[in-house]
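Subject: Structure handover and notes

Hello,

Here is the structure I said I would pass on.

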Amino acid sequence: MTATAVATGAILVLGSAAPAIAGTGPGHGGDRHTSVSQQLQRAVSAHSIEKRLRTFQWIADRYDGNRAAGTEGHEKTAAYIEKLLKRAGYSTERQPFSYEKVNIDRAEFSQVSPDPVDYVLEDEFYPMDYSGEGAVEEGAVTPVDINLDGDRASTSGCEAEDFAGFPAGDIALVQRGSCDFATKAANAEAAGASAVVVFNQGNDVPGDDRFGVIFGTLGELGIGIPVLGTSFEIGETLATATDPTVSIVLETTTVTVDTFNLLARSKKGDPTEQVVVGAHLDSVAEGPGINDNGTGSATILEVALKLAKLKAKPANQLVFAWWSGEEDGLQGSDYYVSQLGEEGVANTALNLNFDMVGSPNPVRFVYDGDGSEFGDEGPEGSAEIEATFVEHFASKGLETAPTEFDGRSDYAAFIDAGIPAGGLFTGAEGIKTEEEAAIFGGTAGEPYDPCYHQACDTKDNVDGAVLGQMADAVAHAVATFGSVSSWGWGWHGHHGHDGSWKKWNKNHGWDGRGFHGSHGGDGKR
Ligand SMILES: [Zn+2]
């Protein structure tokens with residue numbers, strides 16, 4: 001999971017159609033997809049996936065405890081997957097790309113007056129990705145257009161006018177909300193601020209932490225002053241203190257990361273109807289990343305391998321993608337989409353994304369493709385992907401909950417390109433609610449994944465039961481959207497379609513609307 005915000009397009013519901021016609025498929029004497037889906041679900045198990053996770057763990061243990069982009073740990077994991085895919089008959093491709101990454105060498109933040117205190121890195125503050133460097137000794141803090149009362153609606157720092165009268169050299173104290181962190185920091189720098197402290201908004205947003213320390217990104221290099229994220233509580237303390245002064249030291253090193261996406265395409269299937277099944281393979285530097293995102297990577301691997309074993313034939317070409325650089329800002333999936341070009345985008349039917357599908361305190365989240373919960377519907381077709389997952393789980397008597405297209409994973413670039421997307425997620429740093437615990441079990445008041453982005457995200461940080469449930473849903477979605485048959489026939493669907501999902505939708509009377517919004521709403525990582 002990483003950087004933020006997206007927006008969307010319109011909707012139609014396919015999911016409900018597909019399962020309903022089970023038993024009425026080609027020749028209408030029994031739908032072969034259903035059987036492929038079930039065969040695949042049977043073949044892919046939590047047990048087979050956990051075997052792969054143990055290997056990912058073993059690799060991380062051998063290579064500095066992580067599988068971050070650009071490291072041996074990542075390269076060895078990719079080579080392991082590549083070997084298995086080739087053995088199964090897939091043609092694989094490494095898609096190399098590079099990007100700049102800012103590593104933190106020294107970060108200090110302390111209140112000098114009125115109440116001297118040294119704030120703790122990670123627990124109480126964290127530098128924004130791509131923040132500038134610098135040191136400010138006992139700098140005066142000036143709040144900028146903040147709102148601590150009521151709903152705490154905030155456009156703090158979003159307009160240059162917010163900085164009217166801002167004393168140059170002061171440290172700007174701004175509140176999260178409305179625009180991205182990069183905009184707030186740029187306006188502050190333009191107003192002569194020596195540094196920026198962004199505190200969390202302090203408003204209630206279901207499933208989103210609006211009080212804790214902000215781990216954010218500025219999206220790219222460019223801001224020349226230190227920019228720190230902190231909690232609502234610390235922001236409120238500084239905002240209400242009398243003549244507060246703070247000291248900040250931030251030293252960073254910018255490195256170039258050379259890495260690659262690993263791609264495997266099915267030999268069969270219409271290449272103008274590509275179904276991109278993606279999961280990021282890189283971990284954070286802090287740990288082996290077994291739940292985030294070994295679980296997604298190993299699940300799509302097992303689906304690909306078992307499909308080959310079943311000699312299943314997709315009518316729509318399947319592109320399995322192990323993205324890199326996700327933890328550094330969705331770098332790999334961004335790069336892949338940026339290389340597609342107009343024709344490549346047109347030939348991409350949809351994207352399925354699986355990022356963290358084995359959380360130890362899980363919820364069965366399905367991306368809110370129709371925007372019914374969060375209002376951010378995906379491009380035309382995303383609703384069908386959501387419906388297909390929801391109905392699959394319902395057919396197993398399993399409840400689900402919608403999760404927002406908040407731009408924090410690799411579907412974002414596809415949605416930005418107008419390509420329908422969807423997928424599954426079992427929760428990261430968010431806190432499980434009482435209602436969720438009543439439905440999904442586990443512990444209310446605790447994070448879905450207490451080891452999110454930490455060294456303890458090991459093979460012991462995975463819930464096997466939810467992983468198995470998620471794996472079945474992934475298998476079903478790949479079989480459904482790939483229009484996979486094991487008899488080598490394309491899927492003719494009860495309307496005599498050639499399995500092309502785009503044509504299917506068109507024939508289901510769309511009321512599509514345009515696509516709006518851009519990548520990276522506010523930059524929460
Ligand atoms: Zn992730």
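Overall figures

This is a predicted model. Its mean pLDDT is 89, and 86% of the residues reach 70 or more. The secondary structure comes to 14 helices and 16 strands. The protein has 525 residues, of which 58% count as buried. If contacts are limited to residues at least 6 apart in sequence, 81% of them join residues at least 24 apart.

Where to be careful

One is residues 4–30, for which the model has 102 contacts beyond four places in sequence. Another is residues 488–500, with 30 contacts counted in that way. Where pLDDT is low, the predicted coordinates should not be read in detail. I would keep that in mind for the contacts of residues 4–30 and of residues 488–500.

Strand β12

Strand β12 covers residues 348–354. Seven of its seven residues are buried, so the strand is largely enclosed by the rest of the structure. Which strands pair with β12? Strand β9 (residues 270–280) is joined to β12 by five bridges, and strand β15 (residues 421–425) is joined to β12 by four. The pairing of β9 with β12 is parallel, as is that of β12 with β15. At the residue level, Val277 has Leu352 of β12 as its bridge partner. On the β15 pairing, Asn351 stands opposite Ala421. In a regular strand the side chains alternate between the two faces of the sheet.

Val255

Leaving out residues up to four places away in sequence, Val255 touches Tyr99, Glu100, Lys101 and Asn103. Asn103 is 152 residues from Val255 along the chain, yet their C-alpha atoms are separated by 7.3 Å.

Regards

Methods:
Residues numbered from 1 in each chain as written. Predicted model: local features only at pLDDT ≥ 70, side-chain atom pairs only at ≥ 80, totals over all residues. Heavy atoms only, no water. pLDDT = per-residue confidence, 0-100. Contact = heavy atoms within 4.5 Å. Helix = DSSP H or I, 4+ residues; strand = E, 2+ residues; numbered from the N terminus. Buried < 20%, exposed > 50% of the residue type's maximum accessible area, 1.4 Å probe, protein only. Pairing = 2+ DSSP bridges.
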